[in-house]
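We will go from one selection to the next.

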Amino acid sequence: MSEADLRFMRLALELAKKGKGRTAPNPCVGAVLVQDGQVVGTGWHQKAGTPHAEVHAIADAGPKCAGATLYVTLEPCNHTGRTPPCSHAVLAAGIRRAVVGMADPNPAAAGGADFLRSQGVAVEIGLLEQECRQLNYPFLKHSRTGLPWTVMKAGMSLDGKISRQRGQGGPITGPESRQQVHELRNELDAILIGISTALIDDPALTCRLEHGRDPLRVILDSQLRLPPDAKMLRQKSDAATWIFCRKDASTERRNALEQAGAVIHHIDADQNGQLDLAQALRCLGQADITSVLIEGGATVHGAFLRAGLIDQAFLFLAPYFLGERGTPLLSGAAPEVLLQEIKTETLNRDVLLHGLIVQENIQN
C-alpha cells in the first residue's frame, strides 16, 4: 500500500464518521473514488434502507468511475437486502481496483471481495483495519451478539464523586465537557439512566447540538415512579422515551405514563429483585439499537459493571475534590476492571479519559 492509498482511506474514514448515530443497525461506511491520483467521487452511508457509501460515490463520480480505484472502509455487500448488492454496482461502474478497510463480519452480506475478484477486479483488504473496526464497534458487537455496544459516561471530581452531595444533582464538569457529552448523545442510538437520576435531575436527555439528533431515552424504573409530567415526556423531541419496569409494577402508573407518551417494557427481575439488565439490552438490540450511552447514576453504573455489561468508558474529570459528602461513581460492590486503548484529552480545565473496559483481576 502506498502513501496515497493511506491518504485516500483516511478520507474514506472521515466520510464514514458522518453517519455516526444515523445508520443503525447498519455500519458507518465511507467511500472514495480516485482516478489518476485525483478524487472524482465520494460518499457515505447516511441511513439504514438508503443507498450505501459505494453507490453514493459512484453517482458522484459518474463516467469517471471507469478504470478508477475505490477506497471503502467496509467490504462491499454481496446480497440484496433493502438495497441491491454494492459489489454488483462496483463492477457495473467499471471500477478496476478496490482497497477495502475491513471484511464484512455479517455472513449474509459478506462475499463482495470474492465476487469482485472473480470478475477481474483487483481487491486488497486490511488497510487501516483497526481504525475501521473502532469506528464500527457497535455494529460489530450487535452483528455478533444481538446486543448494543454500551458506553459508560460520568462527570466526576478527582476523588471520584459525581455530585457534590448525595441526593443532589448539578454539573461537576465545565461547559467544554458538557459539549463533548452532547457529541456522544448525537453519535449513539440511546441514552440510559436510572430512576433516581431521573427524579433528582428531571433531565431532558436531549442533544443540544445545532444539527444534532436526540437519542432514544431509556429509564430503568422498576416500579414506575417517573411522574407523567417529567420534562422528558413534556418536551418537543423526535425521540421516544422507553421505561423498563418489573412485571408487578402498577397498572395505574403504567396507564398514566403511556398516556403521557412513554413506551413501557416489562422485564424480569434478577435474583436480587433488580431489573435484569441483560434482558433490557436484548430488548434494545432487537429494536436495532446498536449503541447505548449509560449516564448513571451510581447505582446504575455499579450494576452494569457487576453484570459485565460495559464495553467502553468516557470519564470527564473536573480539577477538584469533593470529599465524603459527594456521591461516588459506583454504588455497591463492583468487579476490578481495566481500561485498554486509553486516550486522554484536555477540555479546558477538565480531562477526558476514555478507553475499553476489560474485566479481570488486576492483581494477576
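This is a predicted model: local features need pLDDT of at least 70, side-chain atom pairs count only at pLDDT 80 or more; totals for chains, interfaces and linings use all residues.

Leaving aside residues up to four places away in sequence, Lys153 touches Val181, Leu293, Ile294, Glu295, His301, Phe314 and Phe316. Is Lys153 buried or exposed? Lys153 has a relative accessible area of 14%, so it counts as buried, the cut-off being under 20%. Now colour strand β6, residues 149-156, where Lys153 has its place.

Next, the aromatic rings. How many aromatic pairs does a search of the whole structure find? There are three. Select Tyr137 and Trp149: their rings are stacked, 4.8 Å centre to centre, with 20° between the planes. Tyr137 belongs to helix α6 (residues 137-145) and Trp149 to strand β6, so this pair ties together parts 12 residues apart in sequence. Tyr137 is buried at 14% relative accessibility. Trp149 is buried too, at 10%.

Move to Trp242 and Phe244. Here the arrangement is edge-to-face: 6.3 Å centre to centre, 75° between the planes. Trp242 counts as buried at 13% relative accessibility. Phe244 counts as buried at 0%.

Finish with charges over rings. Select Arg7 and Phe8: Arg7 lies over the face of Phe8, 4.8 Å from the ring centre. Then select Lys18 and Trp44. The charged end of Lys18 sits over the Trp44 ring, 4.4 Å from its centre.

Key: Residues are numbered from 1 along each chain as its sequence is written. Side-chain values use heavy atoms; hydrogens and water are left out. Helices (H or I, at least four residues) and strands (E, at least two) are DSSP runs, numbered from the N terminus. Buried means under 20% relative accessible area, exposed over 50%, partly exposed in between (1.4 Å probe, protein chains only). Contact means heavy atoms within 4.5 Å. Rings of Phe, Tyr and Trp (its six-membered ring) pair if their centres lie within 6.5 Å; planes under 30 degrees apart count as stacked, over 60 as edge-to-face and the rest as tilted. A charge sits over a ring if NZ of Lys or CZ of Arg is within 6 Å of the ring centre and within 35 degrees of the ring normal.
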